[in-house]
There are 4 protein chains.
Amino acid sequence: MDLEIIKLKLKEFAEERDWEQFHDPKNLSMALSVEVAELVEIFQWSKSGGLDEVKDPETKKAIEKEIADIFNYLLKLVDLMDIDLEKVALEKIQENAKKYPIEKSLGKSAKYHKL
Amino acid sequence: MDLEIIKLKLKEFAEERDWEQFHDPKNLSMALSVEVAELVEIFQWSKSGGLDEVKDPETKKAIEKEIADIFNYLLKLVDLMDIDLEKVALEKIQENAKKYPIEKSLGKSAKYHKL
Amino acid sequence: MDLEIIKLKLKEFAEERDWEQFHDPKNLSMALSVEVAELVEIFQWSKSGGLDEVKDPETKKAIEKEIADIFNYLLKLVDLMDIDLEKVALEKIQENAKKYPIEKSLGKSAKYHKL
Amino acid sequence: MDLEIIKLKLKEFAEERDWEQFHDPKNLSMALSVEVAELVEIFQWSKSGGLDEVKDPETKKAIEKEIADIFNYLLKLVDLMDIDLEKVALEKIQENAKKYPIEKSLGKSAKYHKL
């Protein structure tokens with residue numbers, strides 16, 4: 001995936017509308033939480049863990065748009081704060097592997113387990 | 001960025017711990033919202049729009065970890081629901097460009113504007 | 001329930017610590033979202049719709065504390081913005097009753113239904 | 001405030017529509033998070049900490065409706081899980097008073113302080 005292209009397009013989009021004035025880390029984190037809630041809303045009453053929603057073509061489209069909004073705000077944040085997304089993602093998986101040793105974590109309902 | 005590698009590592013991580021049983025779209029959307037809230041928590045009392053937090057090396061580290069958690073859960077969702085992340089992200093930017101015409105949107109505080 | 005007493009105690013608590021400077025509507029809405037996420041975190045992997053968590057005494061205690069945090073932040077907001085909580089709650093139920101007519105809403109999975 | 005009346009009206013509202021089947025603690029916690037996000041959305045781009053939004057009569061109305069939704073879902077949860085809201089709220093203020101001693105907390109930007 002070419003992250004730089006998407007970041008550039010997001011930057012242009014905001015600049016053309018003079019919206020960069022609103023895009024500080026605090027505001028973008030709020031906006032990100034709002035977009036995630038729109039995804040959660042789609043699944044909140046589901047009795048199939050969300051599987052029926054994913055199977056329905058129209059709802060799938062709506063899900064894809066929410067996923068896109070979430071990712072785009074995440075990229076705005078990453079761009080603004082100068083974070084290497086790939087690097088931090090891979091490091092976090094390694095960190096979690098240590099934090100949750102396989103034998104101790106196996107199949108545990110892990111009420112608060114991460115990832 | 002090589003998304004497939006990260007998705008694969010996330011898949012292995014969950015499989016090794018027998019955690020895929022918890023990872024349906026509904027639960028993952030909840031987990032995603034929890035991780036975003038951990039990012040929001042870092043910025044909630046900031047008087048600098050989050051800029052002071054980003055400048056502080058220790059807080060920056062904490063921010064990077066939350067960003068990683070958010071991205072990794074997003075990738076779990078994308079993988080599980082078979083979504084082309086790059087494609088939907090670019091399409092959404094185009095859609096928003098139509099939804100928010102430049103002249104009408106320029107500099108407007110745009111209380112509810114997206115992106 | 002005596003709302004005024006709780007509001008007063010919350011006000012004293014913040015004043016004594018000189019924390020009112022952080023408590024504007026924007027920041028408090030963020031803090032509220034963080035507390036709700038802490039409740040969501042308790043239920044996110046539950047296979048019983050949260051019922052097992054409620055039955056477990058220790059988890060029940062944790063749930064009660066999150067509920068308290070959520071309510072207390074909500075009261076801070078209500079106090080700061082001078083909102084009559086009882087009045088708006090009852091009005092909203094009436095409004096929803098019109099928005100969701102019984103015959104049309106009956107038993108519907110109502111993907112996006114409110115309340 | 002007469003909590004029992006509001007709880008009763010919420011119960012009737014859900015029963016009449018056969019919606020209680022959707023209202024387990026897990027789903028209600030998700031719905032609560034969605035309603036809070038709708039409040040956050042109102043404030044996300046505010047440059048006045050939300051004060052301008054509160055002053056605007058139309059936006060104030062919208063805020064009141066979101067506050068009502070949040071409170072009503074909270075009451076659904078409290079009712080379903082049999083929690084004494086007033087009691088837990090007051091206990092939590094006392095607990096926080098111990099957790100954040102006045103001298104240590106005074107005026108501190110308290111990045112992660114609660115309440």
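A salt bridge is a side-chain nitrogen of Lys or Arg within 4 Å of a carboxyl oxygen of Asp or Glu. The model is predicted: local features need pLDDT of at least 70, side-chain atom pairs count only at pLDDT 80 or more, and totals for chains, interfaces and linings use all residues. Residues are numbered from 1 along each chain as its sequence is written, chains are lettered from A in the order in which they are written, and side-chain values use heavy atoms, with hydrogens and water left out.

**View 1. Salt bridge between Lys65(A) and Glu95(B).** The N to O distance between the two side chains is 3.1 Å. Across the interface of chain A and chain B, four salt bridges are found.

View 2. Glu64(A) counts as buried because its relative accessibility is 15%, under the 20% limit (1.4 Å probe, protein chains only). Leaving aside residues up to four places away in sequence, Glu64(A) touches Ile83(B) and Val88(B); contact means heavy atoms within 4.5 Å.

**View 3. The interface of chain A and chain B.** Each chain is represented in the contact, with 72 residues from chain A and 72 residues from chain B. About 6,600 Å² is buried between them, and carbon and sulfur atoms give 71% of this area. Buried area is the accessible area (1.4 Å probe) that two parts lose on being put together, summed over both.

How values were computed
Buried means under 20% relative accessible area, exposed over 50%, partly exposed in between (1.4 Å probe, protein chains only).
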